[in-house]
Amino acid sequence: TSTEVKKPEDLGAEIFAGKGACIACHKPDVKLVGPSLQDIAKIYKDKNGDMVTFLKGEGEPIVDPTQYALMKPNLEITKTFSDEELKALEAYVNSHWK
């Protein structure tokens, strides 16, 4: 059997819906608890932000700083992810940019 190589955004989608539990607060195109993936992707692109650094717990919140306290417990989860997983998550979020 051959092992299928996943595109980063596909791996990111799995992490988003699975172990990252991001889906609990974020939806692709509407604000739920947190901003939509479209808004996150747009703001990171507009501000030239580094999503991976933020998800490692090493960057400032640039999308909606007022929600940062709610996001902090999730950063404890994302801090444990590998760079590959974080880059995949970033690719998935950025795939929603319009």
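Mentor: The structure holds 1 cavity of 30 Å³ or more. The model is predicted, so local features need pLDDT of at least 70 and side-chain atom pairs pLDDT 80 or more, while totals for chains, interfaces and linings use all residues. Residues are numbered from 1 along each chain as its sequence is written, and side-chain values use heavy atoms, with hydrogens and water left out.

Trainee: What makes a set of points a cavity?

Mentor: On a 1 Å grid over the protein atoms alone, a 1.4 Å probe fits at the points but cannot get out. The largest cavity has a volume of about 440 Å³, a volume being the space filled by probe spheres set on points joined across faces, edges and corners.

Trainee: Which residues line the largest cavity closest to its centre?

Mentor: Of the 27 lining residues, those closest to the centre are His 26, Ile 40, Phe 54, Leu 55 and Met 71; a lining residue has an atom within 4 Å of a point. By class, the lining has 20 nonpolar, 6 polar and 1 charged residues (nonpolar: Ala, Val, Leu, Ile, Met, Phe, Trp, Tyr, Cys and Pro; charged: Asp, Glu, Lys and Arg; polar: the others, Gly among them). Helix 4 (68-78) gives the most to this lining, with 5 residues.

Trainee: Why is helix 2 called roughly perpendicular to helix 5?

Mentor: Helix 2 (residues 37-46) and helix 5 (residues 83-94) pack at an angle of about 105 degrees, with their axes 8 Å apart. Angles of 65 to 115 degrees count as roughly perpendicular, and these two helices are therefore roughly perpendicular to each other. Leu 37, Ile 40 and Ala 41 in helix 2 meet Tyr 92, Val 93 and Asn 94 in helix 5, where contact means heavy atoms within 4.5 Å. This contact has 5 nonpolar, 1 polar and no charged residues.

Trainee: At what angle do helix 1 and helix 5 pack?

Mentor: Helix 1 (residues 8-17) packs against helix 5 at about 95 degrees, with axes 7 Å apart. That makes helix 1 roughly perpendicular to helix 5. The contact has 9 nonpolar, 1 polar and 3 charged residues.

Notes
Axes are lines fitted to C-alpha atoms, for helices over the stretch in contact, and angles run from 0 to 180 degrees between N-to-C directions. Helices (H or I, at least four residues) and strands (E, at least two) are DSSP runs, numbered from the N terminus. Angles under 35 degrees count as roughly parallel, over 145 as roughly antiparallel, 65 to 115 as roughly perpendicular and the rest as oblique. On a 1 Å grid over the protein atoms alone, a cavity is a set of points where a 1.4 Å probe fits but cannot get out, and a pocket is an open set with protein on both sides within 12 Å along at least five of seven lines; lining residues have an atom within 4 Å of a point.
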